[in-house]
Amino acid sequence: MKNDLYIRALKGEIVERPPVWMMRQAGRYLPEFQEIKAKYDFFTRCQTPELASEITVQPIRRYGMDAAILFSDILVIPQAMNIEVQMKPNFGPYLPKPIRSQKDVDNVIVPDVSVALDYVMQAIKATKELLNDEVPLIGFAGSPWTILCYCVQGQGSKNFDIAKEFCFTNPFAAHQLLQKITDTTIAYLKAKVKAGVDAVQIFDSWGGMLSPTDYQEFSWQYINQIIEALKDETYVVAFGKGCWFALPEMARSNASAIGIDWTCSARNARYLTGGNVTLQGNFDPARLFSPPADIKKMVTQMINEFGKDKYIVNLGHGILPNIPLDNAKAFIDAVKEYK
Ligand code: CP3
């Protein structure tokens with residue numbers, strides 16, 4: 001690997017400067033992505049290795065981040081499990097037959113991922129060729145809890161109230177569903193590693209919807225199963241949005257790094273994780289609206305606060321669609337210029 005900064009940070013090695021990439025960096029704000037988006041619908045882009053690999057390398061070509069993340073979506077998992085998922089333009093994910101009963105859970109399958117998600121493996125192989133060992137490739141999956149949120153709610157939500165109601169009124173069925181998603185995700189991530197990804201990240205985007213106690217029961221124990229199943233095969237990064245309360249527990253796990261959102265200070269994140277774990281984050285995505293010169297100052301300060309070692313510079317959540325190109329550039333450049 002010509003640029004292995006990201007891997008070295010995951011190993012906790014001393015580095016000249018921290019590596020940088022941006023969550024959801026493939027897509028949205030990039031004009032070259034919009035061109036492809038205008039021609040092909042969402043799942044066609046995910047399922048066509050030539051398109052997925054091209055979209056994956058677009059941000060690397062433009063900005064030279066230290067890692068690429070495969071263009072795909074967390075919702076290809078429920079799709080492979082026999083749950084219909086649509087991506088509606090200007091609306092987001094829509095699942096016309098949400099899971100609401102034990103019978104619905106019984107109908108969910110644990111698929112042979114090497115068949116159902118072979119297109120993802122082909123996309124990984126095509127991307128590895130395009131990347132030509134310049135930078136590592138990150139594979140990812142949603143956490144079982146976050147996937148359950150969409151499967152039960154049927155669409156995005158501010159509070160995922162229906163998903164929580166299902167868990168608290170029918171915990172037996174909820175845990176069965178979570179276990180099926182976990183088993184599928186483990187097989188999926190193992191196949192991704194075999195296909196060539198250099199690390200994997202688990203996105204628990206909606207973990208922060210749960211109380212600390214419920215987080216242990218409905219989210220963390222399943223994420224930890226995934227970490228334990230993958231830890232000997234690759235680096236696992238766990239990112240939970242709104243989950244600062246679980247940082248001590250996460251730091252005790254075998255994850256190689258922990259993602260931090262922007263509501264937690266660097267100092268508190270280091271304190272809660274014991275100071276010895278690689279952390280990733282946590283620039284407020286909306287702060288990319290500030291003028292480029294201010295972004296650079298804030299990024300430098302963020303690195304000083306986290307420390308340059310055992311640290312991966314990132315946003316605290318995905319990049320927003322309407323961020324100006326020069327502002328994204330300022331974010332990446334500030335890290336590369338860090339002394
Ligand atoms: O860096 C990347 O963009 C890599 C690819 C990627 C996508 N989705 C592409 C995508 C990744 C890593 C994801 C993860 C994802 N998907 C998450 C977890 C991360 C997070 O942001 O919390 C979640 C919750 C989803 C579910 C999802 N997919 C939503 C809510 C939406 C609609 C709103 C939006 O634009 O994010 C999607 C669609 C989606 N996934 C798009 C892209 C580029 C936009 C739709 C399109 O391109 O047609």
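What share of the contacts in the protein with a separation of 6 or more comes from residues 24 or more positions apart? The share is 75%. Keep in mind during the tour that this is a predicted model.

**Whole chain.** Start with everything displayed. The protein has 16 helices and nine strands. Its radius of gyration is 19 Å, close to the 20 Å that the globule rule gives for 339 residues, so the protein is as compact as a globular protein of that length. Along the principal axes, the C-alpha trace spans about 60 × 45 × 35 Å. Of the 339 residues, 57% are buried.

**The sheet.** Hide the surface and select the strands E1, E4, E5, E6, E7, E8 and E9. In that order these seven strands form an open sheet with parallel pairing. Go to strand E1 (68–69) and then to strand E9 (311–315): each has a single partner strand, so one side of each is left without a neighbour in the sheet.

Next select residues 235–240, strand E6, together with residues 257–259, strand E7. The two run parallel and are joined by three bridges. Within this pairing, Val237 is found opposite Ala257 of E7.

**Aromatic pairs.** The whole structure holds 13 aromatic pairs. Select Phe203 and Phe239: the ring centres are 6.3 Å apart and the planes stand at 80°, over the 60 degrees required, so this pair is edge-to-face. Phe203 sits in strand E5 and Phe239 in strand E6, so the pair links parts of the chain 36 residues apart. Both Phe203 and Phe239 are buried.

Then select Phe306 and Tyr311. Here the centres are 4.4 Å apart and the planes at 10°, so the pair is stacked. Are these two residues buried or exposed? Phe306 has 4% relative accessibility and counts as buried; Tyr311, at 0%, is buried too.

For an aromatic cluster, select Phe33, Phe42, Phe43 and Phe71.

**Ser72.** End in the loop between E1 and helix H5 (76–80), where Ser72 lies. Its relative accessible area is 9%, and Ser72 is buried. Leaving aside residues up to four places away in sequence, Ser72 touches Phe42, Cys46, Phe140 and Tyr188. One of these, Phe42, also belongs to the aromatic cluster.

Technical notes:
Residues numbered from 1 in each chain as written. Predicted model: local features only at pLDDT ≥ 70, side-chain atom pairs only at ≥ 80, totals over all residues. Heavy atoms only, no water. Pairing = 2+ DSSP bridges. Helix = DSSP H or I, 4+ residues; strand = E, 2+ residues; numbered from the N terminus. Rg over C-alpha atoms; globule rule 2.2 N^0.38 Å. Buried < 20%, exposed > 50% of the residue type's maximum accessible area, 1.4 Å probe, protein only. Contact = heavy atoms within 4.5 Å. Phe/Tyr/Trp six-rings, centres within 6.5 Å; stacked < 30°, edge-to-face > 60°.
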